[in-house]
Amino acid sequence: TIAHMGTSDAHDPAAAPAREDIKVSRPAEGVLLLTIDRPAVRNALRTRTLAEIAAELAAATDDPSTRAVVVTGGAEHFAAGADIREMALLGAVDVLMHERARHWRAIAAFPKPIVAAVCGYALGGGCELALACDLIVAGTNAQFGQPEVNLGMIPGAGGATRLARTCGKALAMQMVLTGMPIDARTALAAGIAVEVDEPESALARAVELASIIASKPPVAVRLAKEAVRRALDIPLSDAVEADRQAFALLAASDDRREGIAAFLEKRPARFTGH
């Protein structure tokens, strides 16, 4: 349960930068919780914030004790955008070559499921971070928005593209062209969020979903996530063929044999990740 959350020492400190912007904990077996912790600036995502998130995900990639990740900013704010003071100092070439792009790519490429618990503002980069996750549990106070147009910019970390592929052209156009945010209920109806809960319980529900995922066979979970994401990127026939090959590949796994045996024997399965 959430009451048992504590700081995790599971990762080698030398493998990641010292944490200033996020907190790391283990709220449930197999679940890693990353909490953005910059309340004075409503969790604005400066470069260091993204670097710390990317570093924790890199460490979790090959860590068998982590089977799912939850990302949150707390009950009041998820992330109110990028750090504008930091971004204002960058010219065109600086923006193009900036390390932020590498961190965003690392977050998007993380192979294990990520559940976002989004309360309060998820604006600009905060909305893009939520959209880069695999499931979103939204608090009733959540606000999703891409207000970059108000500053003479567009979403730079995939917001426009992910919105269009998630909720369709009409709502994506409205959000990106007007800069106006949407509330949690609209996000739920549009398929951006999977559930809406009270701000006090959204994180607990996200952890519960992540815990359910963490109880499933890890290789199958990875391939399932890959299949759903691939469906958004390539032609239907290619995606279906890739699914078929992944389905066949899993026939060689011990977890598939265990899952079938447990089903037939009417007992709980004991998955090992092999």
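## Terms and model

Helices (H or I, at least four residues) and strands (E, at least two) are DSSP runs, numbered from the N terminus. This is a predicted model, in which local features need pLDDT of at least 70, side-chain atom pairs count only at pLDDT 80 or more, and totals for chains, interfaces and linings use all residues. Residues are numbered from 1 along each chain as its sequence is written, and side-chain values use heavy atoms, with hydrogens and water left out.

## The chain

The chain contains 12 helices and 10 strands. Of its 274 residues, 43% are buried, that is, under 20% relative accessible area with a 1.4 Å probe, counting protein chains only.

## Helix 1

Helix 1 covers residues 47–61. Its 15 residues should span 21 Å at 1.5 Å a residue, and the end C-alpha atoms are 21 Å apart, which agrees; the expected span is 1.5 Å times one less than the number of residues.

The helix is mostly covered, with 12 of its 15 residues buried. Among them are T49, E52, A55 and E56.

## Helix 1 against helix 4

The axes of helix 1 and helix 4 (residues 99–109) come within 9 Å and cross at roughly 35 degrees. Axes are lines fitted to C-alpha atoms over the stretch in contact, and angles run from 0 to 180 degrees between N-to-C directions.

Contact means heavy atoms within 4.5 Å. On the helix 1 side, T47, L50, A51, I53, A54 and L57 take part, meeting E99, R100, H103, W104, A106 and I107 of helix 4. L50, A54 and L57 are also on the list of buried residues.

Key
Buried < 20%, exposed > 50% of the residue type's maximum accessible area, 1.4 Å probe, protein only.
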